[in-house]
Amino acid sequence: MRRIRVAVIGGGQNCEHDVSVASAASVRAALDPARYEAVPLTIGRDGRWSGPDGQVLGTLNSRSLAGSLDVLATCDVVLPLIHGPLGEDGTLAGLCELAGVPYVGSPLRAGALAMDKWATKLVAEAVGVRTARGRLVTDASTVDFTGPVVVKPVAAGSSFGVRLVEHEADLEPAVRQALELDDRVLVEEVLEGREIDIAVLDDPDEGRRTGPPLEIAVPGLFDTTVKYDGSATFVIPAPLDDTELKALEDSALRVYEALGCRGLARVDFFLTNDGLVLNEVNTMPGMTAESQVPKMFAAAGLSYSDLLDKLVRGAMR
């Protein structure tokens with residue numbers, strides 16, 4: 001029986017390049033070799049694609065992109081693991097659509113909407129899911145300080161460019177730093193509450209479902225350093241009462257469906273004294289064995305390899 005060829009794309013032209021490389025390497029190692037042949041494709045920081053043997057195939061801005069498409073055409077399905085802009089934002093989904101190759105994850109429109117934190121807030125509010133009060137900023141010199149705030153680029157992940165600002169003098173520098181990663185920045189109120197993540201999976205065997213809730217237990221801001229230095233504690237399942245859990249799951253599914261997500265997403269919330277508040281949606285979250293989503297489903301008895309198997313089979317239906 002012929003193995004299914006899975007193009008596993010990692011890397012990317014954004015600040016999450018290294019995170020994506022780690023996800024891709026982990027996924028390639030975990031795919032069942034009896035069923036799948038993992039075909040590595042890597043996009044360098046400069047946009048140059050390299051193939052299974054490390055040979056450079058070209059750049060995104062030249063005709064040599066055809067070399068990458070030639071490799072994709074030999075594959076049965078694509079597993080795009082580019083986190084952030086020029087990947088998770090629908091770019092790779094659009095490429096796969098044009099190439100006519102099935103792919104894991106959300107389609108172009110959902111990826112673009114979910115990557116845009118401002119657009120996500122508008123969609124969530126429209127379907128009755130509360131978000132933090134905030135404002136959209138494009139010029140650091142025009143921001144007024146109204147108390148402690150969180151500054152974040154509109155379209156960046158892994159908490160790159162995110163800063164907690166407690167003093168007026170620090171606001172403009174924080175916005176300028178975030179503007180180095182994006183031309184739009186969110187300045188949001190600081191929320192006091194528990195950080196709870198809900199994973200949504202389109203399971204080809206059981207239908208759309210959520211995994212056990214995960215609580216992030218860290219002192220202070222869950223920033224890029226804390227995310228990757230191993231100091232964060234993940235509590236799975238998060239201790240919640242039935243009412244809290246149902247509200248979180250219902251809201252996660254409502255936002256997932258309103259955005260048009262597909263395959264898999266992680267929906268992040270704050271659970272405050274006034275109820276739940278949506279933080280953001282990740283349509284291609286970290287996917288190493290130690291990342292949040294695989295850990296959440298592992299707690300429900302679904303192994304890392306089996307999770308990947310479901311994602312691939314779901315994309316090929």
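# A chat about a predicted model

User: Hi! Of the contacts between residues at least 6 apart in sequence, what share join residues at least 24 apart?
Analyst: That share is 66% in this protein. One thing to keep in mind as we go: the model is predicted.

User: Okay! How many helices and strands are there?
Analyst: The protein has ten helices and 15 strands. Its radius of gyration is 19 Å, close to the 20 Å that the globule rule gives for 317 residues, so the protein is as compact as a globular protein of that length.

User: And what box do the C-alpha atoms fill?
Analyst: Taken along the principal axes, the box is roughly 60 × 45 × 35 Å.

User: What percentage of the residues is buried?
Analyst: Buried residues account for 54% of the 317. As for the surface, the protein exposes about 13800 Å², and 50% of that comes from carbon and sulfur atoms.

User: What about charges: how many positive and negative side chains are there?
Analyst: There are 30 positive and 46 negative side chains. The centres of the two sets lie 5 Å apart.

User: Let's zoom in. Where is Thr-120, and is it buried or exposed?
Analyst: Thr-120 lies in helix H5. Its relative accessible area is 2%, under the 20% cut-off, so Thr-120 counts as buried.

User: Which backbone oxygens does its side chain reach?
Analyst: A polar atom of the Thr-120 side chain lies 2.9 Å from the backbone oxygen of Leu-113. The side chain of Thr-120 also reaches the backbone oxygen of Ala-114, at 3.3 Å. If we leave aside neighbours within four places in sequence, Thr-120 is in contact with Leu-113 and Ala-114, plus Leu-259, Leu-278 and Val-281.

User: There's another threonine, Thr-131. Where does that one lie?
Analyst: Thr-131 is in the loop between helix H5 (117–126) and strand E6 (134–137). With a relative accessible area of 8%, Thr-131 is buried.

User: New topic: helix H3. Which of its residues are buried?
Analyst: In H3 (residues 91–99), the buried ones are Leu-92, Ala-93, Gly-94, Leu-95 and Cys-96.

User: What do those pack against?
Analyst: Their partners are strands E1 (4–11), E2, E3 and E5 (77–80), together with helices H2 (65–73) and H4 (108–115). Just after H3 comes Gly-100, which takes a positive phi of about 75°.

User: Which residue has a positive phi although it is not a glycine?
Analyst: Leu-86 does, with a phi of about 60°. You'll find Leu-86 in the loop between E5 and H3. Its relative accessible area is 38%, so Leu-86 is partly exposed.

User: And where is there a cis peptide bond?
Analyst: One joins Ile-236 and Pro-237, with omega about -5°. Pro-237 is in the loop between strand E13 (233–235) and helix H8 (242–259).

User: Back to sequence versus space. How far apart are Ala-30 and Ser-305?
Analyst: They are 275 residues apart in sequence, yet their C-alpha atoms are 5.4 Å apart. Ala-30 lies in helix H1 (residues 17–30) and is buried, with a relative accessible area of 11%. Not counting residues up to four places away in sequence, Ala-30 touches Tyr-304, Ser-305 and Leu-308.

User: What about Asp-144, buried or exposed?
Analyst: At 57% relative accessibility, Asp-144 is over the 50% cut-off, so Asp-144 counts as exposed. Asp-144 is in the loop between E6 and strand E7 (149–153). Leaving aside neighbours within four places in sequence, Asp-144 is in contact with Arg-135 and Leu-171.

User: Last one: where is Gly-47, and is it buried or exposed?
Analyst: Gly-47 lies in the loop between strand E2 (36–43) and strand E3 (48–50). Its relative accessibility is 1%, so Gly-47 is buried. The C-alpha atoms of Gly-47 and Asn-14 are separated by 9.7 Å, while the two residues are 33 apart along the chain.

Key:
Residues are numbered from 1 along each chain as its sequence is written. This is a predicted model: local features need pLDDT of at least 70, side-chain atom pairs count only at pLDDT 80 or more; totals for chains, interfaces and linings use all residues. Side-chain values use heavy atoms; hydrogens and water are left out. Helices (H or I, at least four residues) and strands (E, at least two) are DSSP runs, numbered from the N terminus. The radius of gyration is taken over C-alpha atoms; the globule rule is 2.2 Å times the number of residues to the power 0.38. Buried means under 20% relative accessible area, exposed over 50%, partly exposed in between (1.4 Å probe, protein chains only). Contact means heavy atoms within 4.5 Å. Accessible areas come from the Shrake-Rupley method with a 1.4 Å probe; for residues, only the protein chains shown count as cover. Lys and Arg count as positive and Asp and Glu as negative; His and the chain ends are not counted. The place of a charge is taken as NZ of Lys, CZ of Arg, CG of Asp or CD of Glu. A polar contact is a pair of N or O atoms within 3.5 Å; within protein, one must be able to donate a hydrogen and the other to accept it, and residues adjacent in sequence count only if both atoms are side-chain atoms.
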